[in-house]
Amino acid sequence: MKNIFTLEFSIDNRRLQSMHGYIERFALPLLLGLLVAISVLTFVQHLNNGLGLAYNDARSHLDIGRRVVEGLKPGLAQLGSVWLPLPHLLMVPTIWNDFMWHSGLAGALLSMVSFVATGIVIYLFLKRLGVGVLGSVFGVVVFVANINVLYLQSTAMTELLLLATMTVGIYKLVSWHRDNSIISLVHAAFFIMLSTLVRYEGWFLLFVASGLILFRTIRTRGYKTAEGTVILFGTLAAFGIALWLLWNLLIFKDPLYFALGPFSARAQQAQLEQAGNLITKGNFWLSFQTYMYALIFNSYMYQVIMGAIGAVVLWSDKKIPAGVRIASTALFAPFFFNILALYLGHSVLFIQGINGDTWFNARYGVMMMPSIAIFIGYLVHRAATLRWVIIGLLTFVLFFAFANGDAVTIDDARVGSSQKNVSEVSGYLKEHATGEKGFILISAASHDAIIFSSGLPMKRFIHEGTGAYWESATTSPDRWARWIVMRTNDVNDLTWKAVSVVPTFLERYTRVAEYPFADVYELHPEWLPALQTEPVLKQHK
Amino acid sequence: MKNYKLFSRLGIALFIVFIVSVLTVSIRGIPGTPTSETVNESQWGDEGPFELSPERGRFALTLSLIENQSVEFTHSIVQFSTPDLGYKNGKFVSLFAPLLSFLIVPGYLLGRLFGYGQVGAYAIIALFALFNTLLIRSITIRMGANPVAASIGAALFLFGTPAFAYASSLYQHHVSLFLILVSLWLLVGNRSWLRLFFVWLAIGLGLPLDYPNIIMMMPLAIVAALETIKIVTSNDKIVVQIRLLAGLAVVGVVAPLVFFFWYNNAAYGSPLTLLSSLKQVKALNPDGTLIEDAQSDRAAGIVTSTAENRVATAFFQSRNFLRGFSILTVSRDRGLLYFAPVMLFGIVGVIILYKQKNPHVPLMVAILGANMVLYSMWGDPAGGWAFGGRYLIPTFAMLSIWIGAALSYLRRNIPFLIVFLFVSFYSIAVNTLGAISSNRNPPQSEILALEQASGKPELYSWDRNAQFVNAGKLKAFVYNDIGYKYMSSWDYYQYVTIFIAVILCFHFAFLYTRGNKKTHL
């Protein structure tokens with residue numbers, strides 16, 4: 001009976017072991033290939049559906065990079081102070097190409113490379129923790145199978161670059177805790193330095209990492225060695241911050257211009273506070289709650305729960321050296337940073353239905369994705385008989401997440417405060433300024449998205465970063481600007497602030513178009529002969 | 001040995017008597033047999049046994065089957081079914097999966113012989129609740145627990161959770177759970193091909209009973225499917241056996257699926273048309289025709305019917321998870337913490353079983369996980385107007401099994417037993433309130449609107465049921481038929497609660513003093 005109804009075959013154990021060895025050996029290159037393929041396919045998908053440039057900030061990042069190589073006054077000074085400079089610097093090699101600029105690929109490429117790098121580092125991180133192939137690969141799957149991550153890796157936003165630099169930095173920090181190799185410490189310092197030049201989460205990580213290094217070295221080798229080690233680490237890790245301060249001093253005459261200047265996040269937060277929209281400031285519980293919602297909406301609830309359990313399992317696993325376990329707390333740096341930033345009023349985040357009627361910066365919740373992936377990978381490794389249950393339930397959640405396109409970052413970009421539908425005003429410019437002579441006066445701080453979406457070359461625009469052109473055009477607009485784009489009666493719009501006090505402005509310009517985000521003014525035809533249409537101030541400072 | 005067996009059988013018999021007694025005094029109903037002519041009379045409606053639309057919708061199909069031998073509703077049945085009435089291809093049909101309506105037919109017919117058709121129909125659910133309790137007890141014993149501890153766990157499942165309220169009314173939950181437990185019971189034992197056939201049969205029946213069963217039973221299906229492959233490891237090789245008979249057992253799903261397709265074809269015009277493609281009709285014109293909602297009404301949120309052909313996956317949203325999970329676990333209106341805190345002791349049990357490398361833990365955790373994850377993502381995790389978290393009944397069952405394990409292991413731990421006992425009493429007291437009164441508890445999200453409409457403060461947790469009991473609004477059939485002559489509603493509630501508590505105390509005393517030491521735990 002058994003023979004009739006049972007088919008039987010056997011596999012040699014040695015053959016199985018060699019298969020296992022083969023998988024172990026080639027897992028990394030296979031993973032790399034797979035990650036690259038996923039990255040490219042997702043980018044193409046978002047390029048085709050038009051979502052790749054949905055974030056207003058994505059267009060601004062691309063414009064900043066472009067201004068370094070093209071415009072009325074190209075150069076490194078165009079990096080400005082609004083955002084930290086690394087993403088824009090890394091765009092420079094490709095942004096000169098119009099396709100790379102307008103498709104967003106120049107910026108997305110950084111995100112895509114970062115996506116692949118983060119996936120690989122998650123794998124290596126887990127291997128370093130002694131996790132097998134299944135757990136390590138599954139950790140990568142948790143990171144990759146997230147629509148928010150996939151979307152952000154297809155855009156010119158800075159989140160993925162930050163995740164990559166921070167995760168590599170923490171990986172190297174943990175490696176140093178395990179092997180005590182000075183090379184690991186230098187690598188950690190280098191990648192944390194890079195992260196400090198992407199977003200301010202990196203600054204907090206630098207602080208946390210320094211604390212962890214100090215703590216560990218004091219414990220194991222005494223204060224004097226600790227002092228030296230921290231200085232060694234800090235010299236490289238804080239180098240980026242020092243350069244940034246120096247940059248601000250040289251360009252804006254104030255080392256803290258990025259923090260206190262008129263375009264700083266602080267200035268924006270002050271406006272929000274005045275309008276009563278900075279409700280997390282001074283309210284710890286609301287700050288915590290807001291960030292938790294952002295975290296859960298970005299990472300999905302099941303993953304957050306499993307990640308939390310994984311973290312507890314990791315920290316209570318005595319097989320892992322205590323130093324490594326302590327070092328892995330650095331994976332929580334983005335979590336604490338964001339709550340602290342909300343509490344101190346240095347950051348703003350709206351979650352629809354919780355602290356507002358819209359989305360704004362909801363994408364900040366994605367910052368914990370690599371950490372969650374690592375913790376889940378570790379949990380799967382340790383869960384023994386329960387690992388397939390964890391994997392099965394996660395697959396189940398992901399099925400519905402993908403089937404329903406659950407991506408809070410896309411909501412944030414499309415319907416939240418982060419987006420601006422500037423197609424009307426940029427369309428007007430495209431239609432009327434293409435093929436015509438004359439500059440367009442516009443504030444890049446307020447309307448970078450319009451500049452980008454118009455499809456016109458950067459050198460057609462006179463903005464705050466064009467030095468003498470800006471000064472001349474805002475004092476005598478009729479000599480320089482054929483079109484002016486600005487928010488009428490809004491003194492926060494630097495163009496309006498400047499030209500509205502020019503006595504001849506109203507009599508020489510007509511408002512030819514009115515749109516929700518900006519109006520377009522055009523110079524009367526009789527003043528065109530006196531208009532300067534060539535970039536004659538190239539030699540000026 | 002012979003005495004022990006006899007004693008054990010007597011124990012089971014007494015346990016069954018105990019469960020049946022409590023179910024008998026708590027089952028909801030009134031004397032009489034509703035027909036399509038009388039079912040719209042007020043005594044059957046909101047204040048009677050068919051208080052909510054899930055009960056009405058399912059019973060409507062039963063009436064239609066018995067009286068008209070049709071799945072298409074007549075005018076009076078249509079009225080009875082709203083606001084959960086389905087509409088497709090010009091026909092009014094049930095908005096619920098059909099199997100339960102078929103299952104209660106014998107109960108209705110038998111009850112009708114004695115003039116208690118409605119109670120007869122409801123008794124079918126109580127019967128499944130009894131089976132579930134016995135299955136839980138049996139599975140717990142198979143996991144290596146002490147039989148007395150297993151009985152306590154099983155009794156607490158039924159009387160210490162909202163499962164009690166759904167054992168005395170007309171919902172699909174106990175039947176769904178029966179299919180899950182019977183499959184689990186079959187898989188926990190020797191997995192012969194015949195047993196696997198019945199597992200597949202149960203899985204197949206799950207679909208026409210309630211669509212989400214397909215997901216909740218997925219872990220069972222995977223385990224059953226994996227039985228086809230057996231891997232034997234030796235020093236130098238691994239032998240893979242493919243058991244064809246185990247694979248063939250999957251034919252068990254055929255008969256239920258044939259029934260499912262037949263019903264879909266008869267009701268919706270096509271075997272593969274699902275409920276999600278139906279228009280939900282919430283109200284009708286007095287002449288029984290559809291109301292066409294004006295655009296302005298829809299804009300104002302006044303909707304008398306919802307769209308047809310909704311995407312099935314859209315009912316479950318990962319974005320809902322946080323909200324759903326908190327509603328099911330910690331909210332005052334539905335949360336496990338408020339309604340069945342005793343179940344939390346099950347976590348202790350599963351940790352013990354996991355540490356002891358019990359091979360069945362992953363399957364049970366998967367069933368619980370699938371249940372929690374599924375309904376956390378469900379658009380309405382509160383289950384509309386309901387008593388407690390009705391969607392968590394499979395979770396309660398798994399936790400009850402683990403409670404049995406925890407009690408076995410910690411049966412001499414007095415502080416644990418004392419805390420456990422007090423939390424058990426609380427859970428029993430709360431859930432008896434629900435079982436004998438009503439499931440008409442609004443979700444917290446509707447409270448403000450409800451208070452505006454009624455002009456008075458509205459309760460939404462089990463305190464609402466206490467209010468019902470105080471006001472004499474009991475729905476237990478025994479009370480409504482004869483009990484009210486001899487005692488107040490509050491006394492009735494107290495007697496039922498105390499009876500359950502006293503019997504449980506006996507169990508505890510027995511477990512503590514004479515608990516069988518020859519268990520694995």
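**Entry 1: two helices of chain B**

I opened with α6(B) and α7(B), which pass each other in a right-handed crossing. For handedness I take a crossing as left-handed if the near helix is turned anticlockwise from the far one by less than a right angle, and right-handed if clockwise. Helix α6 covers residues 117-142 of chain B and helix α7 residues 147-159 of chain B; their axes come within 8 Å and cross at roughly 145°. The axes are lines fitted to C-alpha atoms, for helices over the stretch in contact, and angles run from 0 to 180 degrees between N-to-C directions. My element names follow DSSP runs, with helices (H or I, at least four residues) and strands (E, at least two) numbered from the N terminus.

From α6(B), I listed A129(B), T133(B), I136(B), R137(B), T140(B) and I141(B) in the contact. The α7(B) side brings P147(B), A150(B), S151(B), G153(B), A154(B), A155(B), F157(B) and L158(B). Contact here asks that the C-beta atoms of two residues, placed from the backbone, lie within 7 Å. I sorted the residues of this contact into nine nonpolar, four polar and one charged. The classes are Ala, Val, Leu, Ile, Met, Phe, Trp, Tyr, Cys and Pro as nonpolar, Asp, Glu, Lys and Arg as charged, and the others, Gly among them, as polar.

**Entry 2: what kind of model this is**

A note to myself: this is a predicted model, where local features need pLDDT of at least 70, side-chain atom pairs count only at pLDDT 80 or more, and totals for chains, interfaces and linings use all residues. Residues are numbered from 1 along each chain as its sequence is written, while chains are lettered from A and ligands numbered from 1 in the order in which they are written.

I read off ipTM 0.89 and pTM 0.91 for the model. The mean pLDDT (the predictor's confidence in each residue, from 0 to 100) is 93 for chain A, where 98% of the residues score at least 70. Chain B averages 91, and 94% of its residues score at least 70.

**Entry 3: where the chains meet**

I counted 28 residues from chain A and 27 residues from chain B in the contact between them. On the chain A side, the elements giving two or more residues are β1 (6-12), α2 (13-48), α15, α16 (301-315) and α20 (387-403). α20(A) gives the most, with nine residues. By class, this side of chain A has 19 nonpolar, six polar and three charged residues.

I then followed β1(A) across the boundary: it pairs with strand β4 (residues 237-243) of chain B in the antiparallel sense over seven bridges. Two strands pair if DSSP finds at least two bridges between them. F9(A) has V240(B) as its bridge partner in β4(B).

**Entry 4: α15 and α18 of chain A**

Helix α15 (residues 284-299) of chain A packs on helix α18 (residues 333-344) of chain A at about 135°, with the axes 8 Å apart. I call α15(A) oblique to α18(A) because of that angle; under 35 degrees counts as roughly parallel, over 145 as roughly antiparallel, 65 to 115 as roughly perpendicular and the rest as oblique. This crossing is right-handed. F284(A), S287(A), F288(A), T290(A) and Y291(A) of α15(A) meet N338(A), I339(A), L342(A) and Y343(A) of α18(A). I noted six nonpolar, three polar and no charged residues there.

**Entry 5: sheets**

In chain B I traced an open sheet of three strands in the order β2-β1-β5, with antiparallel pairing. β2 and β5 (279-281) of chain B each have a single partner strand, so one side of each is left without a neighbour in the sheet. The twist averages 45° from one strand to the next. β1(B) and β2(B) form a hairpin with two residues between them, and N89(B) in the turn has a positive phi of about 50°.

In chain A I found an open sheet of five strands, ordered β3-β2-β4-β6-β5, with mixed pairing. Within chain A, four bridges join β4 (residues 481-486) to β6 (residues 519-523), which run antiparallel, and V485(A) has V520(A) as its bridge partner.

Most residues other than glycine have a negative phi, and most peptide bonds are trans. I flagged K253(A), with a positive phi near 65°, in the loop between α12 (239-252) and α13 (257-260) of chain A. I also flagged the cis peptide bond from T82(B) to P83(B), with omega near 15°.
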